[in-house]
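Biologist: I have a new model to discuss. Could you take me through it?
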Amino acid sequence: MKLTKIVQTLEEIAPPELADDFDKGRIGLILGLKDDVSRIAVALDANSYVLEKAAEIGADMLITHHTLIFHPVNIISKSLASSLKIALDHGISLYSMHTNYDRADGGINDVLAANLGLKNIKTSEIGRIGDIETCSSAELAAYVSDCLQTPVMYAGEKQEISKVMVVGGSGFRNEFLKIARESGVDAFISSELKHDVLRMNGDLCLIDATHYATENPGMKALCPRLHSLLGIAVEFIDQPSGLRAFDFRADKNKAELNIKEGKEDCKQKEEEKDSLDLMLEEQARNQIRSDYRRSLGNENRRRYLE
Ligand SMILES: [Zn+2]
């Protein structure tokens, strides 16, 4: 498959003119090496981990959401040198689709909205707005965590949420919150909630579902789409963020009890082993549930979760 044909297809999927101004000159074909491509790799980020995996599977092209070089460089870091070396040594061309793919039909925000089972989905200037069954902030946080299989943090207690806005990636900016309010939503689901934004918020339920979990599924969804359009092998490279959430207060009573009892080391180790077994069992159960959920359509997915 000609590289030029692939680029043309990618531009049809995510027209470059949809991109934010800051992305101009930073999206599209970043590094064009071979004219013919036989295998494409897709990932969220272009870094040495992903490039090594792309080289392992024999990819000639890597398509990512986040580009390899965002800010102009005068000094080449070891990590940049290492990524470039892998790409050059293995003839892997690089292509980036960023804010243009956020906005595009079937892109990051559409996949996020679909994964959350939103109804009556409308496009806003920054994301997607849709309806959900009325629930509280805590219920919505739990639901988002389950749908996206991610730890979440939330702020803004509400009892009746029925309209939400979703923006993949770091959407918690004051100007975006303003759009959310003007759109009349009860909750805003995005990531990277900063303190200065949080303390100015008094009315919305804000759910931080992590940058990775709000964007990664959109890149994964690109693979079957590209394969059906181009007919060549397209493989997704997942690099989980590894983020975990822990709230000591949620388990405070148990923790206090443990401190009072002054548990011996060996007993603690037994418990750690038990909790590891439990965690692995839970992960296996979650995998089965998420596989089953994925096999259902959006309508059925919502029903299954209930
Ligand atoms: Zn992003």
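Modeller: This is a predicted model. Its largest nonpolar core has 71 residues, of which Leu62, Val144, Ala187 and Ile207 touch the most other members. Domain 1 (3–101 + 215–236) and domain 2 (108–209) each contribute at least three residues to this core.

Biologist: Which residues does Ala187 touch, leaving out those up to four places away in sequence?
Modeller: Ala187 touches Leu140, Ile161, Val164, Leu204, Cys205 and Ile207.

Biologist: On to the open sheet. What is the strand order?
Modeller: The five strands run in the order E1-E4-E3-E2-E11, and their pairing is mixed. Strand E1 (28–31) and strand E11 (233–236) are at the edges; each has a single partner strand, so one side of each lacks a neighbour in the sheet. From one strand to the next, the twist averages 25°.

Biologist: How many bridges join E1 to strand E4, and do they run parallel or antiparallel?
Modeller: Three bridges join E1 to E4 (residues 93–96), and the two strands run antiparallel. Within E4, Tyr95 is the bridge partner of Leu29.

Biologist: Which strands does helix H9 lie across?
Modeller: Helix H9 (residues 211–230) lies across strand E2 (39–45), strand E3 (61–66) and E11. Its direction is at about 165° to E2.

Biologist: Now confidence. What is the mean pLDDT of the protein chain?
Modeller: The mean is 88, and 82% of the residues reach 70 or more. Over residues 295–306, however, the pLDDT is below 50, and this stretch has nine contacts in the model beyond near neighbours in sequence. Where pLDDT is low, predicted coordinates should not be read in detail.

How values were computed. Residues are numbered from 1 along each chain as its sequence is written. This is a predicted model: local features need pLDDT of at least 70, side-chain atom pairs count only at pLDDT 80 or more; totals for chains, interfaces and linings use all residues. A nonpolar core is a set of buried Ala, Val, Leu, Ile, Met, Phe, Trp, Tyr and Cys residues joined through C-beta atoms within 7 Å. A residue is buried if 20 or more other C-beta atoms lie within 10 Å of its own, exposed if 12 or fewer, and partly exposed in between; C-beta atoms are placed from the backbone. Domain bounds come from an automatic or database domain assignment. Two residues are in contact if their C-beta atoms, placed from the backbone, lie within 7 Å. Two strands pair if DSSP finds at least two bridges between them. Helices (H or I, at least four residues) and strands (E, at least two) are DSSP runs, numbered from the N terminus. Axes are lines fitted to C-alpha atoms, for helices over the stretch in contact, and angles run from 0 to 180 degrees between N-to-C directions. pLDDT is the predictor's confidence in each residue, from 0 to 100.
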